[in-house]
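User: Hi, I'm new to this one. Could you walk me through how some of the helices pack?
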Amino acid sequence: MLRLSKRSVSSFLRSGDRSFRVSSAATSISRSSPSITDSKRGESESRWYSSLTNGKCMKNDSLPHLNMKTNWFMGYRNESSAAASDSASQAPPPVEKYEYQAEVSRLMNLIVNSLYSNKEVFLRELISNASDALDKLRYLSVTNPELSKDAADLDIRIYADKENGVITLTDSGIGMTRQELVDCLGTIAQSGTAKFLKALKDNKDAGGDNNLIGQFGVGFYSAFLVADRVTVSTKSPKSDKQYVWESEADSSSYTIKEETDPQLIIPRGTRITLHLKRDEKGYADPERIQKLVKNYSQFVSFPIYTWQEKGYTKEVEVDDDPAESKKDDQDDQTERKKKTKKVVERYWDWELTNETQPIWLRNSKEVTTEEYNEFYRKTFNEYLDPLASSHFTTEGEVEFRSILYVPPVSPMGKDDVVNQKTKNIRLYVKRVFISDDFDGELFPRYLSFIKGVVDSHDLPLNVSREILQESRIVRIMKKRLVKKAFDMILGISLSENREDYEKFWDNFGKHLKLGCIEDRENHKRIAPLLRFFSSQSENDMISLDEYVENMKAEQKAIYYIASDSVTSAKNAPFLEKLMEKELEVLYLVEPIDEVAIQSLKSYKDKDFIDISKEDLDLGDKNEEKEAAVKKEFGQTCDWIKKRLGDKVASVQISSRLSSSPCVLVSGKFGWSANMERLMKAQAGGDTTSLEFMKGRRVFEINPDHSIIKNINAAYKSNPNDEDAMRAIDLMYDAALVSSGFTPENPAELGGKIYEMMGIALSGKWSSPEVQPQQQHMAHSHNAELLEAEVVEPVEVDGKK
């Protein structure tokens, strides 16, 4: 077996008559790959072996020029430190350890085709790298001003050649030397920015904040998403020469050469030229480049110029009509007036693209309301000013800056509260736009209407910087953003202008009610923001705080009733006794209201009580009176229960009625009439659960009502009377409808009503028909009566 030293690797053979070379790109991936310094050491330390040459070595003193065919790239092993033994039985065989080696072409394929989901981010990555180069120069020139003497302006310029499908991006940053080209562009995932940040961290004297972006060393290779050939021409102030790096998308190798064309020499910095693929030449449109810059790199701290077509209006002379000019020549004394017209002169020039400054980096005390509103309108393409804004900076364990807004209207419509994927939150990392497509990572679904920007330095992103990874930092950020959002909404509710919060509630009230269901941790923040109609405020909504302030001294709970409208709620029989006692009842008239209130359970130690459920306690129980009424009507209740059978679970004496004879209430743990109605209306409703949840219904009667007294008398006199039985059935059906339930057989109920109407109206407005002769005799008799003499009584012996 061929034994290799720790510093040796397997090499490979290039096809044809080409010389055998080792790729610096591939060798730099190996943990123990030799450097240029290593190649100048002794022959024993610079021997490179090929598995195909029987151990013959080929020495090369210029490793950066070596190029390796990665198809034959193999691992190497480290020699065991165990002492050799003449006898195999004296010691176990040495353990062979191999290092994984990356296959460059496949790794590049993964980076280009699998790492990024959106091709247009290539420009963001290249601009971010250019920004890093400018930042590095700015840092280094503090201690070494000679680095920035050649070109004073620090900027980024992007030129798009639409006809040829070429994009050129030039920065005046630090540039790269030949060795840095090999280290940074010749090695996959080798980040020069990461090394620079580490050096800054190790240097105790280098204080202050840094805004370097690139950390993974793969952003540059995103250029191959759209380009089939990339050329990098770079000049470092540390070197007198300018070098050109070039590679193709489907190649595992690259070339480096010295720039000799005087026209292509740059004083300092880097120029990246992308030769776009045939299908991607649309990216070379100057307007599209400008749009991408504004979307992804609008707030980069250095100016970004794009080559744009411009125009200005000027007046030019117009040639006279020959007929008119001939006429004018006949009269030489007449002054000829030159005719002109306005034309637009087109020209090309550099245009500053990132004009908008990130106001979130400024002190909130220095930013005016007009500036916040203008930033909101420009960033989110709105024409109305927001209802409120919040500008804050979070420091400590998690540091980020943010500006949040409450929009004036709901863009998705008032009924859309289930779409949790929005583009309302724009996430930036070091002022570079990352994404606005979130699925609840930064804000819960019910707060998806909040708009704003979040800028952080240390967010955990994946390598492509497109996906926000779940982590403890993200959870902490989410909590703080949610808290600030609630503070902002609370500020609107406490505003002197009541119309602002009415406008907010009209647009986003359902979102907060959804929060009651989904977010139990923030119930204390959501509850004060809720608004409802009530029995004492049918036109203006009130808050729960206002309800609690208006509560009676003896009141121990918050009462509510769920219905489909305020009119239905206020006319429900459940309210009769509460209205007499002047107890306020909340009207829950939207489908989500009942579930939201049930999720809250209580507010300020006051339980929510549904007055349409059984066992309603109004705090006025009289045990002696209840015992007497139960004794009087107890058997009647059993008789009514026997007649109704399984339609009701029980028949009880009601404590909530004053004017209605009866009411049908829901079981304590079952669905209310309103909830049952909503569940029946669901398109995919489960009939099995519907039958189970509607559960028990309790038939309550009012012992003070005349109808109930008559029913009680009917039971005592003749319990088998058919009219009494029909009266019980009709009374149950009427209670079913008045209590908000849906009758199972509406036609049967209508027949019963018509029957009772016929009995009640029989002979009320009409008389029986008679014969004409009888009518004549009756008329004569009446006439005689009218003509009869009236005789007064006479007193006889004191008696009439």
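User: How do H11 and H16 lie relative to each other?
Analyst: H11 and H16 are oblique to each other, because their axes cross at roughly 45 degrees (under 35 degrees would be roughly parallel, over 145 roughly antiparallel, 65 to 115 roughly perpendicular, and the rest is oblique). The axes of H11 (residues 498–518) and H16 (residues 593–600) come within 8 Å. This is a predicted model, where local features need pLDDT of at least 70 and side-chain atom pairs count only at 80 or more, while totals for chains, interfaces and linings use all residues. Residues are numbered from 1 along each chain as its sequence is written, and side-chain values use heavy atoms, without hydrogens and water.

User: Which residues of H11 and H16 make the contact?
Analyst: Lys513, Cys516 and Ile517 come from H11, and Asp593, Val595, Ala596, Ser599 and Leu600 from H16 (contact means heavy atoms within 4.5 Å).

User: And what about H17 and H20, at what angle do they cross?
Analyst: Roughly 80 degrees, with the axes of H17 (residues 623–644) and H20 (residues 706–717) coming within 10 Å. That makes H17 roughly perpendicular to H20. Among the residues in contact are Phe633 and Trp639 of H17 and Ile711 and Tyr715 of H20.

User: Is Cys637 buried or exposed?
Analyst: Cys637 is buried, with a relative accessible area of 6% (buried is under 20%, exposed over 50%, partly exposed in between, using a 1.4 Å probe and protein chains only). Cys662 is buried too, at 6%.

Methods
Axes fitted to C-alpha atoms, helices over the stretch in contact; angles between N-to-C directions. Helix = DSSP H or I, 4+ residues; strand = E, 2+ residues; numbered from the N terminus.
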